[in-house]
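Subject: Structure for you to look at

Hello,

Here is the structure I promised you. Please open it first, then read my notes below with the view beside you.

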Amino acid sequence: MSKENQEEFSLELLRSGDRAEIARLVDAHSANIYRVALKMLANTQDAEDVLQNTFFKAIQALPTFEGRSSLSTWLYRIAVNESLMLIRQRKPEFDLVMKPDDDEENEHLLTEFTDWCCLPESELMSSEAQGYLDEAIQELSEKLRVVFILRDIEKLSIRETSETLEISEAAVKVRLLRARLVLREMLSKYYGEQLDAEKRG
Amino acid sequence: MNKDLDCGAFLDSLSEYVDGVIDSALCAEIEDHIADCDDCRVVVDTLKKTIYLYHKTSEKTVIPVDVRERLFHRLDLDDFVQEKSLLS
């Protein structure tokens with residue numbers, strides 16, 4: 001979501017609790033927030049909880065919103081924190097477990113060299129393939145997943161991603177490359193098998 | 001992937017290259033490299049496609065009507081729930 005959207009909103013009205021302006025803010029940002037929560041949690045009920053809690057907390061905090069970050073960055077940050085909190089509540093046992101990809105050398109994440117780009121888009125985006133895309137992203141650790149979602153799905157810039165997550169731009173870049181490489185490997189295995197199946201006829 | 005220096009250097013700049021935010025000299029070097037290195041070319045193409053597919057398949061995500069209604073109810077904005085549908 002771009003800065004242009006922010007200019008459409010009157011911070012003064014939002015801070016004073018103007019309900020029509022708040023309703024407009026919710027409609028302008030709710031699809032993005034819902035999408036981030038869905039990708040983080042892979043569960044529609046959890047995503048709905050995050051969506052509601054994000055705007056509930058944002059509205060409570062609006063009177064003291066200083067506008068140091070953009071409204072969209074601020075809302076994304078609340079949504080990410082709500083998502084992480086829910087993940088920790090749901091599976092506290094995973095808190096201390098590092099995913100294997102987190103300390104792997106990047107070069108070891110390049111093992112698949114099948115060129116599957118030639119597959120038709122109807123196949124690349126079939127409902128089965130979309131199910132696999134969702135599964136694959138869940139294989140990333142939370143800290144890699146959230147960077148990939150903000151940067152490559154929501155198309156935030158490196159700087160906006162760093163501001164949202166309150167981590168350095170260097171850390172965003174490292175995690176983004178790692179996430180991209182892991183997903184590319186997984187998709188290459190998946191689509192590579194489809195190519196093989198086609199060749200076998 | 002060939003384990004020579006070019007492939008390693010290429011990996012460091014991979015994100016910047018696929019995002020198109022790389023300086024032109026380095027970009028030309030990478031393009032020379034992938035013209036000769038098929039594995040690296042496949043990595044670039046499939047990585048771009050990976051990013052494209054995630055963005056493209058997520059773009060369509062909209063909030064179901066009932067989810068929006070419950071959101072507006074939770075936020076005590078029930079009286080505004082009709083506005084969007086009237087406008088569209």
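At 33% relative accessibility, A:Glu169 counts as partly exposed. A value between 20% and 50% gets that label. Keep in mind that this is a predicted model.

What does A:Glu169 meet in a salt bridge? Its partner is the side chain of A:Arg159, at 3.8 Å from N to O. The pair links distant parts of the chain, 10 residues apart. A:Glu169 sits in helix α10 of chain A, and A:Arg159 sits in helix α9 (residues 158–165) of chain A. A:Arg159 is exposed, with a relative accessible area of 54%.

Now follow α10(A) along its length. The helix has 32 residues. From first C-alpha to last it reaches 46 Å, close to the 46 Å expected at 1.5 Å a residue. Just after α10(A) comes A:Gly201, which takes a positive phi of about 85°.

Next, look at the largest nonpolar core. It has 89 residues. Those with the most contacts inside it are A:Leu187, A:Tyr191, B:Leu14 and B:Tyr54. Helix α10 (residues 169–200) of chain A gives the most to this core, with 12 residues. Domain 1 (3–93) and domain 2 (98–200) of chain A both contribute residues, so the core lies between them. As background, nonpolar side chains tend to be buried together in soluble globular proteins.

Take A:Leu187 as an example. Leaving aside residues up to four places away in sequence, A:Leu187 touches residues of chain A including A:Trp116, A:Tyr132 and A:Leu133. A:Leu187 also touches B:Thr50, B:Leu53 and B:Tyr54.

**Where the chains meet**

How many residues does the contact take from each chain? Chain B gives 44 residues and chain A gives 49 residues. The area buried between the two chains is about 4300 Å². Carbon and sulfur atoms give 65% of that area. In chain B, the residues that lose the most area to chain A are B:Leu11, B:Tyr54 and B:Arg74. Together they make up 17% of what that side buries.

**Salt bridges at the interface**

The count comes to 20 salt bridges over all chains. Six salt bridges are found across the interface of chain B and chain A. One joins the side chains of A:Arg151 and B:Asp19, at 3.4 Å from N to O.

Another runs from B:Arg70 to A:Glu48, where the closest N and O atoms are 2.6 Å apart. B:Arg70 lies in helix α5 (residues 65–74) of chain B and A:Glu48 in helix α4 (residues 44–61) of chain A, so this pair joins two chains. Is A:Glu48 buried or exposed? At 6% relative accessibility, A:Glu48 counts as buried. B:Arg70 is partly exposed, at 39%.

B:Arg70 has a salt bridge with B:Asp66 too, with the closest N and O atoms 3.4 Å apart. These two are four residues apart in helix α5 of chain B, so about one helical turn separates them. Residues three or four places apart in an α-helix point the same way, because the helix has 3.6 residues a turn. B:Asp66 counts as partly exposed, at 38% relative accessibility.

Finally, find the network of salt bridges that links A:Asp115, B:Asp38, B:Arg41 and B:Asp45.

Best wishes

Definitions and conventions
Residues numbered from 1 in each chain as written. Chains lettered and ligands numbered in written order. Predicted model: local features only at pLDDT ≥ 70, side-chain atom pairs only at ≥ 80, totals over all residues. Heavy atoms only, no water. Core = buried A, V, L, I, M, F, W, Y, C linked by side-chain atoms within 4.5 Å. Buried < 20%, exposed > 50% of the residue type's maximum accessible area, 1.4 Å probe, protein only. Domains from an automatic or database assignment. Contact = heavy atoms within 4.5 Å. Expected span 1.5 Å × (residues − 1). Buried area = accessible area lost by both parts, 1.4 Å probe. Salt bridge = Lys/Arg side-chain N within 4 Å of Asp/Glu carboxyl O.
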